[in-house]
Structures are given as C-alpha cells and as structure tokens.
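Q: I have a model open and want to learn how to read its features. Where do I start?

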Amino acid sequence: MGVVLRNLQNVVPLRRAKLRKDVEILRHIFGVQKFDMGIICVDNRKIQRINHVYRKKNQPTDVLSFPFYEDLRPGKVPCALQRDEYNLGDIFLGVEYVMQQCKETSQDLHEALTVVTAHGICHLLGYRHETEEEWNEMQQKESYILSEFNRLTGRHLEPLTKRCT
C-alpha cells in the first residue's frame, strides 16, 4: 500500500506526484518503507476543526499527526507482528495554512510541504516537543533527515525552526 495521499481541499493547487515522490524518499531515510501511512491535505477550516477537537486549539495549523503506535520511544521503528500493523498512522497537512506561511516568507510551497511532512513523520515515530529536551531531540532528527534528503536530491530544505507547543 505505501503512502496514501489524499487531497481533500481545493484552495491550493497541489502537485501530488511530486509530494508523493518526496514522501517516498523521506520514508526511505527514516527506514520505514515497509510501513503504510496516510497523508491527507486539507484546508484551514478542516485542519482548524481537527486541531480544536484533538488538541483543544481552535486555530488552523500546518500539520497534525495521528500515530498508529501511541507509545513509541522516539526514533524506534515499530515492531509489527501482523500485516495490518505495518501502519505508522496519518498526517494531516494544512496546505492552505502552509501556503499562507510561504507567501509571508516567499518559500516554495512544495518544499515547505515536504519539510512539514518530515516533521509529521517524526511525530508518527514517537518524537514530541512538549519540553525543551524533546524539542531538541526532535529538531536534531529533523535536521538529520532533511540533510540526508538534500544530499540525495540536491535540494536545500531547512527544518522547521519555530518552537511548537
């Protein structure tokens, strides 16, 4: 199955094939090619609703992750015993929100979506950023993943720098 990439918004034109290719490269670097994951692209209204319901934050955001494995230690690849356990979970990308950020920073939308997806995959693999220590650990992982991505693709992606809460 691999990556299921669904575009449930029509605010922002998306090049899904390009994003899917980038996600495949990220999965390879993370070492989780065997695992399925869902990536769902949504607009501000939808991501705000999800953020409100699950995180009690009534505002749009760039990415929300819903891990299949709740209690993974950061960086541990899950131990899947049956076929249906080869699932990392789902990532919701707030494509409209990311595009608005890109306009402010004149960043490329697809590059930004790849970075945000890498951040989301970190969450699926047990990384958190509730504390300074967790943030630093996650930041290191993201930097490593993106530097490998850049090495393989010749691109110049930068990790998310803002401290998330």
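A: Start with polar contacts. A polar contact is a pair of N or O atoms within 3.5 Å; within protein, one must be able to donate a hydrogen and the other to accept it. Keep in mind that this model is predicted.

Q: Which side chain makes a polar contact with the side chain of H119?

A: That of H129, at 3.4 Å. The side chain of H129 also joins that of H123, through a polar contact of 3.1 Å.

Q: Where does H129 lie, and is H129 buried or exposed?

A: H129 sits in the loop between α4 (109-124) and α5 (132-153). Its relative accessible area is 11%, so it counts as buried.

Q: How do I read the packing of α4 and α5?

A: Two packed helices are described by the angle between their axes and the distance between the axes. Here α4 and α5 pack at about 130 degrees, with axes 10 Å apart. The two helices are therefore oblique to each other. Their crossing is right-handed. On the α4 side, the contact involves T114, V115, A118, H119, C122 and H123. On the α5 side, W135, M138, K141, E142, L146 and F149 take part.

Q: How many disulfides does a search of the whole structure find?

A: A disulfide is a covalent bond between the sulfur atoms of two cysteines. The search finds zero.

Q: Which is buried and which exposed, C102 or C79?

A: C102 is buried, at 5% relative accessibility. C79 is exposed, at 60%.

Conventions. Residues numbered from 1 in each chain as written. Predicted model: local features only at pLDDT ≥ 70, side-chain atom pairs only at ≥ 80, totals over all residues. Heavy atoms only, no water. Disulfide = S-S within 2.5 Å. Buried < 20%, exposed > 50% of the residue type's maximum accessible area, 1.4 Å probe, protein only. Helix = DSSP H or I, 4+ residues; strand = E, 2+ residues; numbered from the N terminus. Axes fitted to C-alpha atoms, helices over the stretch in contact; angles between N-to-C directions. Parallel < 35°, antiparallel > 145°, perpendicular 65-115°, else oblique. Left-handed = near helix turned anticlockwise from the far one by under 90°. Contact = heavy atoms within 4.5 Å.
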